[in-house]
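Trainee: I would like to learn how to read a model like this. Where do we begin?

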Amino acid sequence: MKIALDASSVGRYPCDICGKVYRQAGTRNRHKKNHFNVSFKCWMCPSEFSRRYTLQNHIRDIHGMLM
Ligand SMILES: [Zn+2]
Ligand SMILES: [Zn+2]
């Protein structure tokens, strides 16, 4: 007998940045803060950025590449 995954019982608080789902809003919110603390490193030069789109803009404008 297969146990069907009931999506509604798995978790109701998804992280809208990475999609990970949490059962409690507080845990999810604490997790979400991690996304803003991490830095996005350019792999072509030593630059670091706090936001993914800033890194993407950097790579597009400085290195001439589209992500
Ligand atoms: Zn996340
Ligand atoms: Zn760079």
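Mentor: With the terms. Helices (H or I, at least four residues) and strands (E, at least two) are DSSP runs, numbered from the N terminus. Here the protein chain has three helices and four strands. This is a predicted model: local features need pLDDT of at least 70, side-chain atom pairs count only at pLDDT 80 or more, and totals for chains, interfaces and linings use all residues. Residues are numbered from 1 along each chain as its sequence is written, while chains are lettered from A and ligands numbered from 1 in the order in which they are written.

Trainee: In what order do the elements of the protein chain run?

Mentor: From the N terminus on, α-β-β-α-β-β-α.

Trainee: Which residues does the UniProt annotation "domain: C2H2-type" cover?

Mentor: UniProt positions are given in the numbering used here, feature names are shortened, and annotations may be inferred rather than shown by experiment. The unreviewed entry places this domain at residues 13-35 and 40-63. Residues 13-35 are 48% helix and 17% strand, with end C-alpha atoms 16 Å apart. Residues 40-63 are 46% helix and 17% strand, with end C-alpha atoms 15 Å apart.

Trainee: What share of the 67 residues is buried?

Mentor: Count other C-beta atoms, placed from the backbone, within 10 Å of a residue's own: 20 or more is buried, 12 or fewer exposed, in between partly exposed. Buried residues make up 1% of the protein chain.

Trainee: Why does Gln24 count as exposed?

Mentor: Because Gln24 has 11 C-beta neighbours inside 10 Å. Gln24 sits in the loop between strand 2 (21-22) and helix 2 (25-37).
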